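This report walks through one protein model, from overall shape to single residues. Keep the sequence and the coordinates at hand.

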Amino acid sequence: MTKQFETVCAHLLHQCKNVDVISDELIVALHNVFQSNMVVEAAKLVDEKKIQSLMSESGRHIFKVKGSNEKWYMVSSSSFYCSCPSFTFQFLKKKSSYLCKHVLATFLYKGDVTTVTNEELTLFLMSCFDS
Ligand SMILES: [Zn+2]
């Protein structure tokens, strides 16, 4: 990954976040930048309602995204972090990918934000790191 590639990715994701409806042009641009099926799989997660946007009472915001193994992962779209194994392997260890489909899906998500208690958020976060 080059610095230029990262800049293009960040620019496209920023655009996704700042529009109400993601245009076909933007989808095509994302598809050209990210690995073959990633945009399709991320869009599928949104369509199948496998994303929840959670805000704790104290203002902490995270996304909960359901993986293909039915396990929920924690995604922080502000830091491009996901608790899934693919993110750890592809991004942290091999440094071969900019993000996983779960992180990308949070940029495509335009749904509601659910308010949860601090305790509910903590319990969810702990469940993400139980192996
Ligand atoms: Zn992930």
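In this predicted model, 27% of the 131 residues of the protein chain count as buried. Along its principal axes, the C-alpha trace spans about 40 × 35 × 25 Å. Contacts reach across the sequence: of those between residues at least 6 apart, 54% join residues at least 24 apart.

**Confidence**

The mean pLDDT of the protein chain is 91. A score of at least 70 is reached by 99% of the residues. Among the elements, strand E5 (residues 113–116) has the highest mean pLDDT, 97. Helix H4 (residues 85–93) has the lowest, 83.

**Fold and sheet**

The protein chain holds six helices and five strands. In sequence order they follow the pattern α-α-α-β-β-β-β-α-α-β-α. The five strands form an open sheet, ordered E4-E3-E2-E1-E5, with mixed pairing. E4 and E5 stand at the edges. Each has a single partner strand, so one side of each lacks a neighbour in the sheet.

What is the sense of the pairing between E1 and E5? Strand E1 (residues 51–56) and E5 run parallel, over four bridges. Within this pair, Met 55 has Thr 115 in E5 as its bridge partner.

**Core**

The largest nonpolar core has 28 residues. Val 75, Leu 104 and Ala 105 touch the most other members. Several elements each supply at least two residues of this core: helices H1 (3–17), H3 (38–47), H4 and H5 (101–108), and strands E2 (61–66) and E3 (72–76). H5 gives the most, with five residues.

Which residues does Val 75 touch, leaving aside those up to four places away in sequence? They are Ile 62, Phe 63, Val 65, Tyr 81, Cys 82, His 102, Val 103 and Thr 106.

**Annotated span**

The UniProt record, an unreviewed entry, lists residues 73–111 as "domain: SWIM-type". In the model this span is 44% helix and 15% strand. Its end C-alpha atoms lie 18 Å apart.

Most residues other than glycine have a negative phi.

| Residue | Phi | C-beta neighbours inside 10 Å |
|---|---|---|
| Glu 70 | about 70 degrees | 7 |
| Phe 80 | about 55 degrees | 19 |

Glu 70 is not a glycine, yet its phi is positive. The residue sits in the loop between E2 and E3. Is Glu 70 buried or exposed? Glu 70 counts as exposed because it has 7 C-beta neighbours inside 10 Å, where the cut-off for exposed is 12 or fewer.

Phe 80 likewise has a positive phi without being a glycine. Its place is the loop between E3 and strand E4 (81–82). Why does Phe 80 count as partly exposed? Phe 80 has 19 C-beta neighbours inside 10 Å, whereas a buried residue needs 20 or more.

Definitions and conventions:
Residues are numbered from 1 along each chain as its sequence is written. This is a predicted model: local features need pLDDT of at least 70, side-chain atom pairs count only at pLDDT 80 or more; totals for chains, interfaces and linings use all residues. pLDDT is the predictor's confidence in each residue, from 0 to 100. UniProt positions are given in the numbering used here, feature names are shortened, and annotations may be inferred rather than shown by experiment. A nonpolar core is a set of buried Ala, Val, Leu, Ile, Met, Phe, Trp, Tyr and Cys residues joined through C-beta atoms within 7 Å. Two residues are in contact if their C-beta atoms, placed from the backbone, lie within 7 Å. Two strands pair if DSSP finds at least two bridges between them.
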